[in-house]
Amino acid sequence: MPGSVIKKYREMRNYSQKFVSSQMNISQNAYSKIENNLTQLTVHHVKEISRILDVPVMDLLNDNFEIHKPISIPRVVAKNDLVSQSGRLQKLLQNKISVRHDSYIVAMSLMVAAESALISVD
């Protein structure tokens with residue numbers, strides 16, 4: 001969970017929650033909810049925490065999953081292959097409960113990007 005990663009970096013810097021929260025202009029209680037994954041992180045908060053802790057944004061978001069580039073991307077992809085993969089992903093997503101999975105937002109973003117790419121396919 002991103003909150004535990006943020007907490008790890010904060011503790012490595014020997015910063016208190018009160019210090020970080022004051023730098024962010026939020027209450028210590030609100031910041032505690034970030035570290036305990038009780039509140040949804042905004043892009044603004046991630047950028048602020050990154051600046052305060054002097055940690056790259058991607059390091060803060062590096063959690064139990066990593067997105068890897070494919071080893072090789074075929075130059076020609078058949079439309080049927082794309083449709084088949086899209087259907088498989090849709091079935092996988094339908095079986096997940098979005099509230100329980102932090103990776104749901106990432107998956108949905110990837111699906112939107114894929115959909116945009118498919119629009120340009122003949």
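## The protein as a whole

Buried residues make up 20% of the 122 residues in this protein, where buried means under 20% relative accessible area, exposed means over 50%, and partly exposed is in between (1.4 Å probe, protein chains only). What you are looking at is a predicted model, in which local features need pLDDT of at least 70, side-chain atom pairs count only at pLDDT 80 or more, and totals for chains, interfaces and linings use all residues. Residues are numbered from 1 along each chain as its sequence is written, and side-chain values use heavy atoms, with hydrogens and water left out.

Seven helices and zero strands turn up here, so reading from the N terminus you get α-α-α-α-α-α-α, with helices (H or I, at least four residues) and strands (E, at least two) being DSSP runs numbered from the N terminus. Take the contacts (heavy atoms within 4.5 Å) with a separation of 6 or more: 57% of them are between residues 24 or more positions apart. The accessible surface comes to about 9500 Å², and carbon and sulfur atoms hold 55% of it; accessible areas come from the Shrake-Rupley method with a 1.4 Å probe, and for residues, only the protein chains shown count as cover.

## Helix α3 and its buried side

Let's start with α3, which spans residues 28–35. Its buried residues are Y31, S32, I34 and E35. They sit on the same side of α3, because they cover an arc of only 155 degrees around the axis, the arc being that of the directions from the helix axis to the C-beta atoms. What covers them? The cover includes α1 (2–12), α2 (17–24) and α4 (43–53).

## A closer look at E35

E35 belongs to helix α3, and with a relative accessible area of 5% it counts as buried. One goes to the side chain of R10, at 2.5 Å, and another links the side chains of E35 and Q17, at 2.9 Å. For the record, a polar contact is a pair of N or O atoms within 3.5 Å; within protein, one must be able to donate a hydrogen and the other to accept it, and residues adjacent in sequence count only if both atoms are side-chain atoms.

Which residues does E35 touch, once its neighbours within four places in sequence are set aside? They are G3, S4, I6, K7, R10 and Q17.

## Where α1 meets α3

Two packed helices are described by the angle between their axes and the distance between the axes. For α1 and α3, the angle is about 115 degrees and the axes are 7 Å apart. Axes here are lines fitted to C-alpha atoms, for helices over the stretch in contact, and angles run from 0 to 180 degrees between N-to-C directions.

On the α1 side you'll find G3, S4, I6, K7 and R10, and they meet Y31, I34 and E35 of α3. Sorted by class, this contact has three nonpolar, two polar and three charged residues. In that sorting, Ala, Val, Leu, Ile, Met, Phe, Trp, Tyr, Cys and Pro count as nonpolar, Asp, Glu, Lys and Arg as charged, and the others, Gly among them, as polar.

N37 is partly exposed, at 28% relative accessible area. Its phi is near 55 degrees, a positive value in a residue other than glycine. Most residues other than glycine have a negative phi.

In α4 itself, H45, V46, E48, I49, S50, I52 and L53 are buried, and the buried residues pack against α1, α2, α3 and α5. After α4 comes D54, again with a positive phi, near 55 degrees. D54 lies in the loop between α4 and α5 (57–61) and is exposed, with a relative accessible area of 64%. P56 has its place in the loop between α4 and α5 too, and is partly exposed at 48%.

L82 is partly exposed, with a relative accessible area of 29%. Its C-alpha atom is 9.4 Å from that of A114, which is 32 residues away along the chain.
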